[in-house]
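Visitor: I'd like to know where the labels on a model like this come from. Can you take me through a few of them?

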Amino acid sequence: MLHELLLALLGFTGDLIVDEREQLKTLGLDSPLSDESTFKLAPDISFIQPSERDLIEGLIKLGFYYRELDRFANKSRNLSWIRSVTSVHPLERADELSKQSSSSGEKKPSVYRRAIANGIVEILSVYRSAVLHIEQKLLAETTPILATVTQGLNKFFVLFPPLYEVVLEIERDDIRGGQLLNVLNKRCHCGVPELRACLQRLLWHGHQVMYNQLAAWMVYGILQDPHEEFFIKRQEDGDLDHRSSQEEISEKLARTSVHETSLTDWHSGFHISLDMLPDHIPMRLGESVLFAGKAIRVLRNPSPAFQFQKDKSFQQTMRGSQRIRGFMHSDFSEKETELDADLTGEELLPQSEADKIEAMLKDLKESSEFHKRSFECTVDSVRAIAASHLWQLVVVRADLNGHLKALKDYFLLEKGDFFQCFLEESRQLMRFPPRQSTGEADLMIPFQLAATKTIGEEDKYFSRVSLRLPSFGVTVRSSQADLARSKLALTGKANLTSDTSVDGWDAIALEYSVDWPMQLFFTQEVLSKYLKVFQYLIRLKRTQMELEKSWASVMHQDHMDFAQHRKDGTKESISQQRRQGIRPMWRVREHMAFLIRNLQFYIQVDVIESQWKVLQTHIEDSQDFTELVGFHQEYLSALISQSFLDIGAVSRILDSIMKLCLQFCWNIENHESNPNTSGLENISEEFNQKSNSLYTILRSSKLAGSQRAPFLRRFLLRLNFNSFYEATTRGLLNVVRQRPALPL
């Protein structure tokens, strides 16, 4: 009887103590996991008193719990899946595991379950020792059996039922990874000290796996997660399950270069899995872990092209320094040169820093309990180290300021002489619509001429700038077409801009070639914002140049005609009388030029220069890569918002004003051969309406009184310095009023 009871306490049933679930299996009936103990005394035993029967059945419940916990531990610690996939290609390993689990009906392996199972094994070993101690005591002394067993195993009545509930929950809901840590962490909050200590030990085992994954990710940049249980996951393609073959994946990876893979990993390669993020780890810390791991991957895997470029520039620098020093240091060794050149690839993340990160994570791992504050401090420290070295790579080694200055020079038109020369060289070309096939090639000629005239050899960033003219879906309309359309407007006085298509040359775009690691900073989204501002500024400059050129051209022609008439001694010709009739329009031209000049000054000086100084201050004060990214985003957002590019009503009015100015210039220059005074009046009238609408919107309290455009009041003051716009918006002045021609 004694040994039957002791064996039952270790999960072995027999004739005296039976397992109802085993009996059902013998009969061929399905027997799912039971919430209650299935160990019972055999019903045909008659020599046991009812009170003793109740006591024995209460004791053998521990045997049931022991057997189920042991079954879970053995199942979770089964490593046969490792042997089955060690010879499989890494790309096929996940598919192989899923096939095996689906075919056998078993759930996927779990490293976290194995860790919890190790903790359960520790508890079960204590239980077995207690049973063995009871057996030795009963054999050595004549003490009451049931009382001794109950007294020796009393604490396990508190531990085993909750542990079995945890196991049931894990198996029924297939809980894995961070979700498993959540279950244990919630159950740790109980009022029973023994149970709390036991659950904390299990949680400690689970955290050991998480710390190992954190160490692999934050020290080496490796995602060690074979069963997708870590809260950092690799971003897979949407059609992962529908790929045709593994050979295609291998070929795709073979074609992908190292730096392309690095960039993909940085921008979209990894993400946080909210399902696996433990509740006791805030989202902010999860994002810090994600950033730190990605940064370590970048620092440990520099692009070979970047290494070669740096080594080449370093060697050139050393040759120059050797030439300068001459024979002053003849013992300068080549070994020292090679050593310094290798720093680019090997010292992006010094080994001492990696050891420091590993030591901090090891301290967390050795702690008996999870302390949120300590974990937070460690993650923040690791993130700061990674961000600092990434800042060193991008700002110092890759010359971030040089690239920012180049983007300011070319995308924000800081090199005004270059773009002035380019627009002058391409002015005649832009009078006609761009050809779909050769438009970009045609534009490259004036672009290269302007570069030859204005760009010096010391500008090493100009080679990164290229001109593009997208031709897809662009409806182009040249000046001649606009003039033809203006003829149609003579009778109807229709709105000239309501049906105006986009000038094909407005699609002029710049591309900036960015190498590793600057692609981490200058993403496609960032470069598209620069392009948006550039296209706006180049149109503005082109409009301003056309207004100046139209005035210069007509005045030059007037002076030549006047000199010819004085030489011939004739009276004024018909052409002079015609010009005399449109002289009131020159005042309109001056109003146009005044508005465009002030708008240019506001954007270039009040917006771009002021924001550039703010950005430079931030770069000098910061040594954190993520802070720099944030400051640069604020810089671009300020440029766009303070230039009104994000306000649809204002940007549409500005577009209309620039189109009207160009139409006005083309009409004026062609007035000699194609008189069209009525068309000029219509353009002037619409310009006045648009400019007054622009002033009304900009002076509204919603814009002028907000912080989004701190220098807008200065722009309005310069625009309305003599209350001109304020008067015209009230209808007190008519700019387009026809005046009688004055005799010469």
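Visitor: Why is Arg427 called buried?

Guide: Arg427 has a relative accessible area of 11%. Buried means under 20% relative accessible area, exposed means over 50%, and partly exposed is in between, with a 1.4 Å probe and protein chains only. So Arg427, at 11%, gets the buried label. Before we go on: this is a predicted model, where local features need pLDDT of at least 70, side-chain atom pairs count only at pLDDT 80 or more, and totals for chains, interfaces and linings use all residues. Residues are numbered from 1 along each chain as its sequence is written, and side-chain values use heavy atoms, with hydrogens and water left out.

Visitor: Where is Arg427 found, and what is it in contact with, leaving aside neighbours within four places in sequence?

Guide: Arg427 is in the loop between helix H20 (416-425) and helix H21 (439-454). Helices here are DSSP runs (H or I, at least four residues), as are strands (E, at least two), numbered from the N terminus. With those sequence neighbours left out, Arg427 is in contact with Met545, Glu546, Lys549, Ser550 and Glu669; contact means heavy atoms within 4.5 Å.

Visitor: What makes Cys188 buried?

Guide: Cys188 has a relative accessible area of 5%, so it passes the test of being under 20%. Cys188 sits in the loop between helix H9 (177-187) and helix H10 (193-219). Beyond its neighbours within four places in sequence, Cys188 is in contact with Arg196, Leu199, Gln200 and Leu203.

Visitor: What makes the peptide bond from Trp516 to Pro517 stand out?

Guide: The bond from Trp516 to Pro517 is cis, with omega near 5°. Pro517 is in the loop between strand S6 (509-512) and H23.

Visitor: How do you know that the second largest cavity lies between domain 3 and domain 4?

Guide: Domain 3 (399-470 + 505-522) and domain 4 (533-743) both give residues to its lining, so the cavity lies between them. The domain bounds come from an automatic or database domain assignment. The lining residues are Leu423, Met430, Trp505, Asp506, Ile508, Ile538, Arg539 and Arg542. Helix H23 (residues 524-568) supplies the largest share, three residues.

Visitor: What makes something a cavity, and what is the volume of this one?

Guide: On a 1 Å grid over the protein atoms alone, a cavity is a set of points where a 1.4 Å probe fits but cannot get out, and lining residues have an atom within 4 Å of a point. The second largest cavity has a volume of about 50 Å³, a volume being the space filled by probe spheres set on the points, which are joined across faces, edges and corners. The whole structure has six cavities of 30 Å³ or more.

Note on methods
1 Å grid on protein atoms, 1.4 Å probe; cavity = no way out; pocket = protein on both sides within 12 Å on 5 of 7 lines; lining within 4 Å.
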